[in-house]
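Here is a protein chain to look at with a student's questions in mind.

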Amino acid sequence: MRSWTGDRSPLVAPRLRKPVAAVAVLAAAAVAILGWHFAGDTSAGHLDRTIAGDVAMRHGPARLLGQGFADLGDPAPVAVVLVALAALAYVARGRRGFAFAILGPLLAMVTTSLVLKPLIDRTRGGDLAFPSGHTAAVGSLALAAAVLLLGWALVPRALRWVGAIALALVVVAVGTSLVGRGIHYPTDTVGAVGVVLAVVLLVALVIDAVADRAALRERGQRACEGASDRC
């Protein structure tokens, strides 16, 4: 029977590691292409204008709803969710989960706001826009939570997938709201999703590799202790 605490199972199942790595590489490539295309840009292209017009949230209840979702990416709610996710990850998935819950989102946010935004220098209204920091913050937390949830065997599979889909819909709602409220171009949010996929998935793979190696060394040491004449 599995314990409620300290689950040492991998973040990414071994059979899925190559496909996950491929997704991370493709996402990074997409961000690089978009970043190159929009470097130094100060205006929206035709596609951005068309999509933004279709999801405009300028008046009435749509404006309030859009602003509410957009505000989920503000520093205060992001910090609260990060701390809560780290605590839950430690309880459900042990040290491996805790490290992932902290490092995955934080590295995605830092990469977005402190590396790519000033490097690409795409602006909207004088503010750095690409990739969207709010989308990256919410998306990285959602993806980290989804990875942790999908690998938590104690929860029924159907519920795990329902939870993962719900998290994805929150990210879509936030990105759409940022565009609808005129805060970001649509391609800013797409770029942020690419950063999230590349960074968070890579962090999961690295943590699994380090943790698996440590577990292998630990098993070897225990074997030597039980049969010292063979070590």
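The questions and answers below concern a predicted model.

Q: What does the protein chain contain in the way of helices and strands, and in which pattern do they follow along the sequence?
A: There are 7 helices and 2 strands. Read along the sequence, the pattern is α-α-α-α-β-β-α-α-α.

Q: How do you know how confident the predictor is in the protein chain?
A: The score to read is pLDDT, which runs from 0 to 100. Its mean over the protein chain is 90, and 90% of the residues reach 70 or more.

Q: Why is F98 called partly exposed?
A: Buried means under 20% relative accessible area and exposed means over 50%, with partly exposed in between. F98 has 38% relative accessibility, so F98 counts as partly exposed. F98 is placed in helix α4 (residues 75–120).

Q: What makes A86 a contact of F98?
A: A contact needs heavy atoms within 4.5 Å. Not counting residues up to four places away in sequence, F98 touches A86, A89 and Y90. F98 and A86 are 12 residues apart along the chain, and their C-alpha atoms are separated by 5.2 Å.

Q: How do you know whether the length of α5 agrees with that of a helix?
A: At 1.5 Å a residue, the 18 residues of α5 should span 26 Å. The end C-alpha atoms of α5 are 25 Å apart, which agrees. α5 is also mostly covered, since 16 of its 18 residues are buried.

Q: What is the reach of helix α1 against the expected value?
A: Helix α1 (residues 17–38) has 22 residues and reaches 31 Å from its first C-alpha to its last. This is close to the 32 Å expected at 1.5 Å a residue.

Q: Why are the buried residues of α1 said to line one face of the helix?
A: The buried residues of α1 are V20, A24, A27, V31, G35 and F38. Seen down the axis of α1, they fall within an arc of 75 degrees, so they line one face. On the other side of α1, the exposed residues are K18, V25, L26, I33, W36 and H37. Just after α1, G40 takes a positive phi of about 75 degrees.

Q: Which residues does L34 contact, leaving aside its neighbours within four places in sequence?
A: L34, found in helix α1, is in contact with F130, V190 and G191. L34 and V190 are 156 residues apart in sequence, yet their C-alpha atoms are 9.1 Å apart in space.

Q: What is the omega of the peptide bond that joins F130 and P131?
A: Omega is about -5 degrees, and the bond is cis. P131 is placed in the loop between β2 (127–128) and α5.

Q: Why is D121 called partly exposed?
A: The relative accessible area of D121 is 39%, which lies between the cut-offs of 20% and 50%, so D121 is partly exposed. D121 lies in the loop between α4 and β1 (123–124). Phi of D121 is near 60 degrees, a positive value in a residue other than glycine.

Key
Residues numbered from 1 in each chain as written. Predicted model: local features only at pLDDT ≥ 70, side-chain atom pairs only at ≥ 80, totals over all residues. Heavy atoms only, no water. Helix = DSSP H or I, 4+ residues; strand = E, 2+ residues; numbered from the N terminus. Buried < 20%, exposed > 50% of the residue type's maximum accessible area, 1.4 Å probe, protein only. Expected span 1.5 Å × (residues − 1). Arc of directions from axis to C-beta.
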